[in-house]
Amino acid sequence: MDSPRDRNVFGAFALMISDDIVRATSLQAPEAGPAASALALLAHQPGLSIRMLAIGVGLSHAGAVRLVDRLASDALIERREHSTDGRTRSLYLTPAGKISSDKVLASRDQVIAEGLTILTPDDLKILSDIAERVLRDRLENLDHSYRICRLCCHEGCTNCPIDAELLERGVDREA
């Protein structure tokens, strides 16, 4: 059944969970805004450039530079030389940044778990299968994958549908 009501119900559900995730993760980050996503994304993809971090967290390049400066001054991330491009810096979490990222991701996981407690294990499997199909279909490109996965827990996402879809398209996010 495809009705405006069904889309409204799903939209309200998605916004409720999304708002709760943003609120919970922001409380664990050093500042409101994209800092939580930046920490989580660097845990998921260590060594990102500022350009890719900007894409992933939805900032301009200049905004990402300022965010990186603040996170570096808080000793949560560090810049290292890029392996192949002397003009580019690779970004990595410090031990304190890893702790902060772990807190961000734990708060995200808690929100999702609490939001879905009403569902049975079979319901969760169905919802996950549907979500995977939608994610794979709606994925635009490599840049979009960083935006989608910006608050994902890398250790918890074995057999990632986004990575699988990229590989099917001939794109390796690790390369």
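Leaving aside its neighbours within four places in sequence, which residues is Ala24 in contact with? Before I answer, please keep in mind that this is a predicted model, in which local features need pLDDT of at least 70 and side-chain atom pairs count only at pLDDT 80 or more, while totals for chains, interfaces and linings use all residues. Residues are numbered from 1 along each chain as its sequence is written, and side-chain values use heavy atoms, with hydrogens and water left out.

Ala24 is in contact with Ser107 and Val111, where contact means heavy atoms within 4.5 Å. Ala24 lies in helix α1, residues 4-28; helices here are DSSP runs of H or I with at least four residues, strands are runs of E with at least two, and both are numbered from the N terminus. With a relative accessible area of 16%, Ala24 is buried, a word that means under 20%, with exposed over 50% and partly exposed in between, using a 1.4 Å probe and protein chains only. From Ala24 to Arg108 the separation is 84 residues in sequence, yet 6.6 Å in space, C-alpha to C-alpha.

Let me turn to helix α3, residues 50-57, which is mostly covered, with 6 of its 8 residues buried. Among them are Ile50, Met52 and Leu53, and the buried residues of α3 pack against α2, α4, β2 and α7. After α3 comes Gly58, with a positive phi near 75 degrees.

Finally, the cysteines: the structure holds 0 disulfides, a disulfide being a pair of cysteine sulfur atoms within 2.5 Å. The closest cysteine sulfur to that of Cys149 is in Cys152, 4.3 Å away, which is too far for a bond.
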